[in-house]
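Let's take a walk through this structure together. Have a look at it below, and then we'll go through it piece by piece.

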Amino acid sequence: MKALHNLLDGLRPSFQEGGKLRRFWVVFDALETFAFTPGHVTHDGVHVRDGIDLKRTMFLVIVALLPALVFGTWNQGYQYHLSIGEADATLWENFAVGLWKVIPLIVVSYGVGLGIEFFFAGLRGHAINEGFLVSGMLIPLVMPVDVPLWMVAIAVAFAVVIAKEVFGGTGMNIINIALTARAFLFFAYPKQLSGEIWIHDIAASKAAGVAVDGYTGATALGHLANTVGKPMTDPEVTGIMSMFTDTGMFSFMNAFIGTIPGSIGETSALAILIGAAILIFTGIGSWKIMLSFLAGGLAMGAIFNGLALNAYMTLPPLHHIVLGGFMFGMVFMATDPVTASATETGKWIYGFFGGLFSILIRVFNPAYPEGVMMAILFMNVLAPLIDYYVIQASVNRRTKRVAARVSAA
Amino acid sequence: MPHTIRIRKGVDIRLAGAPSGAVRDAAPADVYAVQPPDFHGLVPRVMVKPGDRVTAGTTLFTDKTFERIAVTSPVSGTVRDVVRGEKRRVLSVEVTPDGAGTSHDFGALDPATADRGALLDRLLDSGCFAFIRTRPFDVVPDPTVVPRDIFISGYFSAPLAPSVAEVMAGRMDDFAAGAAALGRLSSSGRVHVGVRTGDSTFDAVPGIERTSFDGPHPAGNVGVQLHHVAPLAPGETVWTLHPEDVANYGRVLRTGHYVPTRVIGAGGSEHPAPGHLRTLVGARITTLTGGAAPSPDVRIISGDVLTGTRVGTDGYLGAFAHAVTLLPEGKAPKFLLTSGWLGAGFDKFSVSRAFPTWLMPSTKTWKLDTNTNGEERALVVTGQYEQVFPFDLFPQQLVKSIIAHDLDGMERLGILEVAPEDFALCEYVCTSKLAVQSIVRKGLDTVKQEIG
């Protein structure tokens with residue numbers, strides 16, 4: 001590794017002040033610190049530092065995302081083969097189709113996002129923060145498989161510039177970047193996004209007559225949204241609800257394992273839970289947010305289930321939380337420390353209402369089948385307010401306690 | 001049995017090279033230096049010039065604001081130099097000892113019967129007062145303000161700290177006298193001593209209020225103990241000081257002579273002979289490094305690894321340092337796969353479970369270097385400071401309010417209860433590698449300036 005380090009040392013002068021490539025200093029700095037933790041030593045204050053840094057933290061989030069990424073890649077191939085009636089496609093055939101679709105999404109997401117990051121860092125003379133390493137992986141995982149790449153590029157650019165850079169970059173943003181990208185697509189291209197893009201080439205397969213009957217290419221939540229406003233006995237409604245029975249396409253087991261259509265990374269509750277275990281064990285994701293988010297979702301699901309006013313409400317709470325982006329949002333989006341509540345008490349409140357609103361929006365507003373996205377963005381905006389009241393309550397409690405001690409003395 | 005308070009938040013960084021064994025006398029130093037910057041908040045007016053003869057207890061400099069506060073010479077000898085830095089700021093007053101060991105006789109005083117004013121005068125004139133810190137602000141106190149009570153931590157919980165029993169061995173009569181006098185200088189008369197659960201060092205001292213603390217560092221920080229025993233109300237002040245300085249004051253009262261003894265913990269993985277060494281405040285650091293060869297790869301710290309000051313081989317033991325620590329410098333770049341951020345990291349001590357620290361037996365000691373292990377970044381992670389900050393306060397929000405210069409916010413969030421040292425572990429664990437202690441110091445200075 002000495003040779004590599006010597007090479008970097010040799011290149012450094014041309015990137016430094018006065019060198020030909022000084023405009024690209026941030027790029028050089030980013031790559032150098034990527035390869036080598038610099039030999040910087042502590043000055044004032046503590047003389048030893050914990051081993052952890054932002055690179056390690058972000059890297060572990062990527063590790064936690066891997067199960068969902070790998071499963072999602074396979075599942076996109078599997079869904080494609082199912083839709084054309086080739087359920088016996090091999091593991092590798094499924095992966096081949098999945099990789100064919102997923103790799104370009106990842107490349108576009110990182111390419112556009114990091115390009116903008118580098119540009120802004122150069123403009124401001126800042127070092128490049130590692131925040132986008134995670135955002136850039138989250139964005140492809142919340143995309144439908146057939147979303148046009150140019151749309152992804154615009155969504156990433158919008159999210160990075162409007163949700164992050166205008167607020168000052170990493171650590172300063174109010175709302176989650178990956179969710180902003182998803183929300184941007186949802187509102188900017190509603191027609192395209194509600195179309196047949198959830199299963200690879202489903203429209204073409206239908207046109208060619210190879211698609212299996214019943215494969216509409218809609219997600220579970222898309223189907224459920226269609227039941228709203230119709231009586232429970234309507235044949236269309238009963239048809240949809242039959243898909244959610246134990247033998248249906250969207251049975252609890254299928255939704256838990258993840259062999260259903262949906263955004264790339266969101267379908268498998270199991271893969272996401274493995275990621276959650278990694279985040280919780282390493283302490284990088286807040287278990288308080290995840291647990292309270294889950295509790296909020298189950299509570300709202302149970303309330304609806306108890307009321308059972310329409311077909312959507314009859315869905316059991318446990319089934320609710322394995323559908324759509326609920327789990328993915330709970331583990332990877334709601335826990336984003338920059339946009340979540342920063343106080344420990346606030347995390348409980350933030351998570352609980354995030355879960356609650358996810359199910360509420362999903363069931364009450366068929367225009368937003370993906371309630372979790374709206375709920376988390378909403379809670380992102382409320383998080384500073386929650387923290388404000390948590391801190392104020394603590395300050396008041398402390399003042400009272402001290403006053404009591406003084407009057408007792 | 002004293003009341004026990006269990007501290008759950010915090011961490012003991014188990015460094016290699018802990019001091020152990022009985023106290024040895026360090027070799028006498030060729031130069032002793034008293035350094036005004038150690039006494040935060042004190043603006044020195046130097047009272048001696050090079051060549052002046054001094055004895056132990058002769059005033060070297062006083063405070064320009066509170067002229068009664070004197071800082072005195074630890075030894076008898078000749079003033080060698082008054083070292084000044086930028087803008088003629090006084091960095092140190094150096095004294096070459098004559099070896100005679102003569103000291104000024106202040107005359108003995110009985111702490112129980114002496115006049116309160118006489119006790120305070122003796123505290124100020126002998127130079128012992130300068131070793132007191134006040135909460136709020138963690139500065140040398142205003143001698144005209146009567147403190148609510150006195151807080152002393154008899155639990156040294158910092159990494160590689162010396163043993164309380166060794167430091168206080170043979171000093172308990174001095175300590176009792178000092179504590180009794182200090183109690184009379186406070187309005188409540190209370191002297192709180194925090195001890196480690198099961199430690200009997202202070203059991204025989206009459207008139208003190210003992211509270212035992214059970215838990216990891218920073219449970220031994222006097223600020224933590226104050227916060228849990230009797231938190232400050234607005235307008236109140238308390239004095240905090242180290243038990244050794246209480247004993248040094250007690251000796252002035254009992255014998256009339258000022259001898260600023262320090263029993264330090266000499267340690268760290270690069271220290272050739274870790275142990276307890278007896279010396280005096282301001283001794284040249286090389287008398288305490290066990291003969292380690294000067295090397296750019298070894299850092300000498302006056303104090304512990306969390307709050308100490310980096311000094312060169314020509315440096316001195318700081319006024320508030322109770323340890324001398326030698327650590328390897330971490331100047332070598334670390335390749336990402338072998339020892340950088342992607343490595344397994346078996347050699348890295350981490351409070352998080354992002355490294356396999358948690359796999360190791362709790363008896364393992366660690367050889368940590370001074371590498372920052374990463375670059376300074378924006379604050380991203382939350383909930384991290386809270387794990388090592390045993391106060392009913394919001395550390396990260398407080399740090400942010402200081403960065404944002406939000407005076408009202410700082411006060412609301414409790415800056416008046418804390419000292420920079422209370423944030424040392426926050427700084428240690430910080431993923432974003434912020435200089436948390438110096439941020440807190442800046443905040444305290446700002447608030448003090450604005451509201452007095």
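In what order do the four strands of the open sheet in chain B line up? Keep in mind that this is a predicted model. The order is S3-S9-S8-S5 in chain B, and the pairing is antiparallel. At the edges sit strand S3 (32-34) and strand S5 (53-54) of chain B, each of which pairs on one side only. For S3(B), the partner to look for is strand S9 (residues 90-97) of chain B: the two run antiparallel and are joined over three bridges.

Now step back and take in chain B as a whole. There are nine helices and 20 strands in chain B. With a radius of gyration of 21 Å, close to the 22 Å that the globule rule gives for 452 residues, chain B is as compact as a globular protein of that length. Its C-alpha trace spans about 65 × 50 × 50 Å along the principal axes. As for how much is tucked away, 56% of the 452 residues of chain B count as buried.

How is chain B divided up? The domain assignment gives domain 1 (3-255), domain 2 (331-368) and domain 3 (385-451). Between the C-alpha centres of domain 2 of chain B and domain 3 of chain B there are 28 Å.

Next, the inside. In soluble globular proteins, nonpolar side chains tend to be buried together. Here the largest nonpolar core has 237 residues, and the ones touching the most other members are Met327(A), Val331(A), Ile376(A), Ala179(B), Leu288(B), Leu317(B) and Cys426(B). The element that gives the most to this core is helix H3 (residues 54-83) of chain A, with 13 residues. Pick out Leu288(B) and look past its neighbours within four places in sequence: its contacts include Ala26(B), Ile264(B), Leu317(B) and Val324(B).

Let's finish with a helix in chain A. Helix H17 (residues 344-364) of chain A has 21 residues and reaches 30 Å from its first C-alpha to its last, close to the 30 Å expected at 1.5 Å a residue. Is H17(A) largely enclosed or left open? Of its 21 residues, 18 are buried, so H17(A) is largely enclosed by the rest of the structure.

Notes:
Residues numbered from 1 in each chain as written. Chains lettered and ligands numbered in written order. Predicted model: local features only at pLDDT ≥ 70, side-chain atom pairs only at ≥ 80, totals over all residues. Rg over C-alpha atoms; globule rule 2.2 N^0.38 Å. Buried ≥ 20, exposed ≤ 12 C-beta atoms within 10 Å, placed from the backbone. Domains from an automatic or database assignment. Pairing = 2+ DSSP bridges. Core = buried A, V, L, I, M, F, W, Y, C linked by C-beta atoms within 7 Å. Contact = placed C-beta atoms within 7 Å. Expected span 1.5 Å × (residues − 1).
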